[in-house]
Amino acid sequence: MAMLAIFALLAATLVSVLCVRPISRREFAWFCFQYGITPTASNGPLIVDYLTRTRRWRLFGAVGSLSVMTCWMIVFKSNRSPNLIVVLFAGWFAGGILAELPVGTRRATGPRAASLVPRRPLSYVQAATQRFLLGSLALFLLANARHLHVAAIATTLAVLVLAWWGISTVVRRPQPVLATDLEQADTATRRAAVARICGGSIVLISLCALWASGSGRAPTGGSVVVYAVVFVGSLVGLLTGWLWVPTRMRRAPRERMVSA
Amino acid sequence: VIVAIDPDSPVPPYEQLRAQIVALIGGGQLPPGSQLPTVRQLASDLGLAPGTIARTYRELEDGGLIETRGRHGTRVSERLPKVNAAERRRRLTDAAAEFVRSARSLGATNIEIEAHLRGLLET
């Protein structure tokens, strides 16, 4: 218990140190490269603001979830240690979604203009990402075939609801007609947000699959094969969601998102 | 494909939007079958009430220009209604009147209006 409290305190200190650190040139350049943005004097602050806000909220989310978990264990004198990685990552994921809420849109005075190109959630994610998301869900169901893990199921359902809500918020955010560089940056921040939400969902669902498959009785006979499939699939899901999905967004998926 | 709404115009926003979508369909920029944004998306992008956009879509639907197919969204009709000569003349007059009204509100003289129109026609 004391170890957990110390760990939470250390994490909070680390976050406060990381939060005051400005976005480095390297991080900024990497984001611009990933999304094919040409940095300009007007879109630069928009990107830096987005990167700073999302990093701050994700870190606060991770630390917040750790603190809640520690308080829960102290208040209810619980000896059962919850899955620390799932808790930590769930906080990071929820923080990332919360970071998308305060995004405002500059509403110009005078005539208002809008594009007639429809924005859909699937326009922002690549087909491979959708397949990985469905694959991780299938693995999760497989992991629960032998023994239903209620906490993992509840976490996965919460992840799906949060992810859908987050993506809808990002897609429905107003997009007035802006200068080309600003529009590029706006579209890139939307794609980054959707990619992070999808990637985070894949990671969390894979973690939940591992969590569910690791509980209950030790696998025997044919269930060893199922366990092995879930284990290997979840590891692939973890790597894909964390590394591949957020860094493979340079090519615009399916259709041009910028208005003609 | 951009639409613009002038909040200072005496023409109500739903009518401004309707006229522009009709012009875009007529001009071929919105070909038959092309999907239109949802009411909520267009309302938030233009800063208008969803009811205003819904009214525009309803009127376009009544005119047979667009179709709403439940979950598949709103699309430009595959079979656009034929415009008869009288209706075509009326729409042209409306468009010209709108142009002249906007130009006059900017303080343009008849000569300036003519010159601009001629310039546009020659490009």
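Me: Is the crossing in which H4(A) passes H6(A) left-handed or right-handed?
Reply: This is a predicted model, in which local features need pLDDT of at least 70, side-chain atom pairs count only at pLDDT 80 or more, and totals for chains, interfaces and linings use all residues. Residues are numbered from 1 along each chain as its sequence is written, chains are lettered from A and ligands numbered from 1 in the order in which they are written, and side-chain values use heavy atoms, without hydrogens and water. A crossing is left-handed if the near helix is turned anticlockwise from the far one by less than a right angle, and right-handed if clockwise. H4(A) passes H6(A) in a crossing that is left-handed.

Me: At what angle do the axes of helix H4 and helix H6 of chain A cross?
Reply: Axes are lines fitted to C-alpha atoms, for helices over the stretch in contact, and angles run from 0 to 180 degrees between N-to-C directions. Helix H4 of chain A spans residues 84–98 and helix H6 of chain A residues 150–172. Their axes come within 10 Å and cross at roughly 15°.

Me: Is H4(A) roughly parallel or roughly antiparallel to H6(A)?
Reply: Angles under 35 degrees count as roughly parallel, over 145 as roughly antiparallel, 65 to 115 as roughly perpendicular and the rest as oblique. The axes of H4(A) and H6(A) cross at roughly 15°. H4(A) is therefore, relative to H6(A), roughly parallel.

Me: How many nonpolar residues are in the contact of H4(A) with H6(A)?
Reply: From H4(A), A:Val86, A:Phe93, A:Ala94 and A:Ile97 take part, meeting A:Thr155, A:Val159, A:Leu162, A:Ala163, A:Trp165 and A:Gly166 in H6(A). Contact means heavy atoms within 4.5 Å. Ala, Val, Leu, Ile, Met, Phe, Trp, Tyr, Cys and Pro count as nonpolar, Asp, Glu, Lys and Arg as charged, and the others, Gly among them, as polar. The contact has no charged residues and two polar ones; its nonpolar residues number eight.

Me: How are H5(A) and H7(A) oriented to each other?
Reply: The axes of helix H5 (residues 127–143) and helix H7 (residues 180–213) of chain A come within 8 Å. They cross at roughly 15°, and the crossing is left-handed. H5(A) and H7(A) are therefore roughly parallel.

Me: How many polar residues does the contact of H5(A) with H7(A) have?
Reply: H5(A) contributes residues including A:Phe132, A:Leu133 and A:Phe140, while H7(A) contributes, among them, A:Cys198, A:Ile202 and A:Cys208. By class, 12 are nonpolar and no residue is charged. The polar residues number five.

Me: How far from A:Cys198 is the nearest cysteine sulfur?
Reply: A disulfide is a pair of cysteine sulfur atoms within 2.5 Å, and the whole structure has zero of them over all chains. A:Cys198 is in no disulfide. Its nearest cysteine sulfur belongs to A:Cys208, at a distance of 16 Å.

Me: Is A:Cys198 buried or exposed?
Reply: Buried means under 20% relative accessible area, exposed over 50%, partly exposed in between (1.4 Å probe, protein chains only). A:Cys32 has 4% relative accessibility and counts as buried. With 5% relative accessibility, A:Cys198 counts as buried.

Me: In what order do the elements of chain A run from the N terminus on?
Reply: Helices (H or I, at least four residues) and strands (E, at least two) are DSSP runs, numbered from the N terminus. Chain A has eight helices and one strand. Their order is α-α-α-α-β-α-α-α-α.

Me: What percentage of the contacts in chain A with a separation of 6 or more is between residues 24 or more positions apart?
Reply: Chain A has 260 residues, of which 45% are buried. Among its contacts with a separation of 6 or more, the share from residues 24 or more positions apart is 84%.

Me: What percentage of the residues in chain B is buried?
Reply: Chain B has five helices and four strands, in the order β-α-β-α-α-β-β-α-α. Its C-alpha atoms fill a box of roughly 50 × 35 × 25 Å along the principal axes. Of its 123 residues, the buried share is 29%.

Me: With which residues is B:Glu61 in contact, leaving aside neighbours within four places in sequence?
Reply: B:Glu61 lies in helix H3 (residues 50–62) of chain B. It is partly exposed, with a relative accessible area of 35%. Beyond those neighbours, its contacts are B:Ile66 and B:Thr68.

Me: How far apart in space are B:Leu106 and B:Thr123?
Reply: B:Leu106 sits in the loop between helix H4 (85–105) and helix H5 (110–122) of chain B. It counts as exposed at 75% relative accessibility. B:Thr123 is 17 residues away in sequence, and the C-alpha to C-alpha distance is 23 Å.
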